[in-house]
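Here are my notes for your review. Please read them with the coordinates open.

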Amino acid sequence: MKKDLVIIGGGPAGMAAAVAAYEAGIKDILILERDNALGGILRQCIHNGFGLHRFGEELTGPEYAYRYEKMVNELGIPYMLDTMVIEVSADKVVTAMNRENGIFSIQAGAVILAMGCRERPKGALNIAGARPAGIFTAGTAQKFVNMKGYMPGREVVILGSGDIGLIMARRMTLEGAKVKAVCELMPYSGGLARNIEQCLNDFNIPLHLSHTVVNIHGRERLEGVTIARVDENRRPIKESEEYIPCDTLLLSCGLIPENELTKGAGIALDRVTGGASVNGERETEIEGIFACGNVLHVHDLVDYVSEESAIAGKAAARYILGNSNKEISITLCTDGRVRYTVPQRLTEVADTSVYFRVADVYRDAKIVVRDGDRVIISKKKQRLAPAEMEKVELTKDVIASLSGGELSFSIEI
Amino acid sequence: MAKERLLTCIVCPRGCQMKVLLSDEGAPISVEGNFCKRGVTYANDECTNPKRTVTSTVRCKSGAVVSVKTDTTIPKGMMFEVMAEINGVIAPDEVSIGDIVIANVCGTGANVVATSNTK
C-alpha cells in the first residue's frame with residue numbers, strides 16, 4: 001500500500017494534523033489509531049476547560065475531540081481503528097497490524113508522529129514497601145471512573161500534583177470517595193493554579209508540598225501509606241513521617257512522550273523533552289517525518305496541541321508537494337532556567353512560536369531572547385512556573401534579521 | 001474597614017491571582033490582578049454566590065457510560081446534591097452530544113446534558 005501521508009495516532013494531535021494537511025491540498029491521508037475510536041486521551045477527560053483558545057468556548061474533553069472527529073469525517077479523511085503501528089522506518093515505511101488485515105506495510109510520502117504520551121508508572125518511582133492492589137496512575141483511575149463507571153477505591157491518597165491527579169482528586173470526591181491528601185515532592189505544584197483552586201481548595205483537600213510517599217502498606221489490598229516531608233535535596237526526613245490509612249494510591253508524577261516508534265526510526269530524542277528534536281515545521285531530523293502534540297513535548301492545553309499539529313500538517317503537505325520551507329542554520333539554546341525549546345531549530349519564511357518550560361518558579365523575572373549579544377525580545381513576567389508552558393513569538397522578519405549561529409533563551413531575575 | 005480576599009481565577013488556564021476588596025457587608029468593591037473582564041465577573045460571583053460547572057457520567061440502560069455536564073454553572077454548595085441526582089438516573093442507550101439527560105437539575109435552572117455520543 002502507498003499513501004501520501006500516514007499519521008500515527010488519532011488523538012487531538014493526529015486529527016488536527018490530518019485536517020490541516022487535507023486543507024493544504026493532500027487528500028491521500030491515512031490515520032492509524034490503536035484504540036477503538038478517534039479522540040485519544042480526551043475521551044476520558046470529561047471535565048471542562050478545553051477549547052477556550054481554539055474554539056472560544058469552554059468544552060469538555062469528549063466535546064473537543066468530537067469537533068475534530070466531525071471535521072475528519074466531513075472531509076472524508078480515512079482512518080483505521082484498533083490498529084497498532086509496530087514500526088516506522090527511516091525511509092517512511094510504516095508497519096502496522098490489526099485483526100482484519102494482519103500485519104501490513106504502507107510506503108508513506110510523509111509521516112506525522114502523533115502518538116501522545118503516557119504516565120510515569122509506579123515502577124519508575126522506586127517507592128519502598130509492599131505491592132498490593134489499589135495503586136493506579138491517575139489516568140488509569142480516570143479511565144475506570146469516566147469510561148467504565150467503576151470506582152477504584154474509597155479512601156485515596158494522591159502522589160504528585162500534576163493536573164490529572166488534581167482533576168481525579170475532585171472526580172473521586174464528587175463520586176463519594178474521601179481524598180485524604182495530595183503529596184508533591186517539589187516545593188511547588190505540578191498542576192495549573194486553577195486546578196489547585198477548583199479541584200483541591202473547593203473540597204478542602206490538603207496539598208502537602210515537599211512531601212512524598214515513603215512506604216506502602218498492605219498485603220492483598222492497600223491499607224495505608226507513610227508520607228514524609230523532604231529536605232531541599234528531596235530526601236525524606238525520618239521524623240516527619242506520618243501514616244495515612246487508605247485503600248487507593250493514585251500516581252500523578254509526570255508524563256512521558258511515547259517515542260518507541262521514533263527511536264526505532266533512528267531519530268534521536270531531545271534529552272529534556274523526551275521527544276524528537278524538530279525545526280519550525282515540526283520536522284524531525286529525518287526529512288518528511290514530522291512530530292506534533294504530546295509525543296513531541298508534553299503540553300498543558302490541548303488547544304496548543306491542535307495549533308502545533310496544524311503546523312506539522314501544513315508542513316507535511318508542503319513537503320509532499322515539494323515546496324518545503326528551508327531549515328536555517330540557527331540553533332536555539334537555553335540557559336538551564338529555560339529547560340528546553342520547541343522547536344529546537346528554525347525554518348526560514350515562517351512566523352514561529354517558540355514554546356518552552358522553565359526549571360523552577362521565578363517571580364518578577366524577564367524572558368530574554370538574544371541573537372549573539374543583541375537582545376531581540378525581553379518580556380516581563382510576574383510568575384513563571386514549570387507547570388506552565390511559555391511561548392515567545394518570532395516573526396519571519398525577526399528570523400530573517402538573525403545573524404546566524406545561536407539564538408539564546410534565558411530567564412533573568 | 002474594608003477587607004481583602006485573594007482569589008485564583010478558574011475561568012481559564014491562565015489562573016490569574018486576584019485581589020478583591022470587600023465592604024464590611026462582604027460585597028466586592030474592586031478587583032485587581034485580573035487579565036480580562038471575565039475575572040471581575042468570576043470574582044464578584046465568588047464573593048457573593050460562588051458557582052461551578054459539574055461534569056460527571058451517567059449509566060445507560062445497556063450498562064455503557066456517557067459523560068455529562070451541567071450546561072450552565074450551578075451554586076457551588078449544591079455540587080453534591082446535583083451529583084446525587086446525576087447518579088440516580090439512567091440514560092437511554094442512544095444519546096448524542098447536547099441531549100438533555102436531566103432538565104433543571106435540583107431546580108438550579110441548569111440542564112445536565114450529554115458531552116459524548118453513545119454508539
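This is a predicted model: local features need pLDDT of at least 70, side-chain atom pairs count only at pLDDT 80 or more; totals for chains, interfaces and linings use all residues.

The points below go from overall layout to local backbone geometry.

1. Overall form of chain A. Chain A has eight helices and 27 strands. Its C-alpha trace spans about 65 × 60 × 40 Å along the principal axes. The radius of gyration of chain A is 22 Å, and a compact globule with 413 residues would have a value near 22 Å, so the two agree.

2. Domains of chain B. Chain B is divided into domain 1 (3–48) and domain 2 (55–114). Taken over C-alpha atoms, the centres of these two domains of chain B are separated by 29 Å.

3. Contact between the chains. Chain A contributes 23 residues and chain B contributes 21 residues. Which elements of chain A each supply at least two residues of the side that touches chain B? They are β3 (48–50), α2 (61–75), α3 (138–148) and α5 (193–200). The largest share comes from α5(A), with five residues. By class, the side of chain A that touches chain B has ten nonpolar, seven polar and six charged residues.

4. Helix pair α1(A) and α7(A). Helix α1 (residues 12–23) and helix α7 (residues 302–320) of chain A have axes that come within 7 Å. The axes cross at roughly 40 degrees, which makes α1(A) oblique to α7(A). The crossing is right-handed. On α1(A), the contact residues include Ala13(A), Ala16(A), Ala17(A) and Ala20(A). On α7(A), they include Val302(A), Ser306(A), Ser309(A), Gly313(A) and Ala317(A). The class count for this contact is 14 nonpolar, three polar and one charged.

5. Helix pair α3(A) and α4(A). The axes of α3(A) and helix α4 (residues 163–174) of chain A come within 9 Å. How do these axes cross, and at what angle? They cross at roughly 40 degrees, so α3(A) and α4(A) are oblique to each other. Here the crossing is left-handed. Ala138(A), Gly139(A), Ala141(A), Gln142(A) and Val145(A) in α3(A) meet Ile164(A), Gly165(A), Met168(A) and Arg171(A) in α4(A). These contact residues divide into five nonpolar, three polar and one charged. Note that α3(A) also supplies at least two residues of the side of chain A that touches chain B.

6. Backbone points to check. Most residues other than glycine have a negative phi, and most peptide bonds are trans. Asp82(A) is not a glycine, yet it has a positive phi of about 50 degrees. Asp82(A) sits in the loop between β5 (79–80) and β6 (84–88) of chain A. Val342(A) and Pro343(A) are joined by a cis peptide bond, with omega about 0 degrees. Pro343(A) lies in the loop between β21 (338–342) and β22 (345–347) of chain A.

Conventions:
Residues are numbered from 1 along each chain as its sequence is written. Chains are lettered from A and ligands numbered from 1 in the order in which they are written. Two residues are in contact if their C-beta atoms, placed from the backbone, lie within 7 Å. Helices (H or I, at least four residues) and strands (E, at least two) are DSSP runs, numbered from the N terminus. Ala, Val, Leu, Ile, Met, Phe, Trp, Tyr, Cys and Pro count as nonpolar, Asp, Glu, Lys and Arg as charged, and the others, Gly among them, as polar. Axes are lines fitted to C-alpha atoms, for helices over the stretch in contact, and angles run from 0 to 180 degrees between N-to-C directions. Angles under 35 degrees count as roughly parallel, over 145 as roughly antiparallel, 65 to 115 as roughly perpendicular and the rest as oblique. A crossing is left-handed if the near helix is turned anticlockwise from the far one by less than a right angle, and right-handed if clockwise. Domain bounds come from an automatic or database domain assignment. The radius of gyration is taken over C-alpha atoms; the globule rule is 2.2 Å times the number of residues to the power 0.38.
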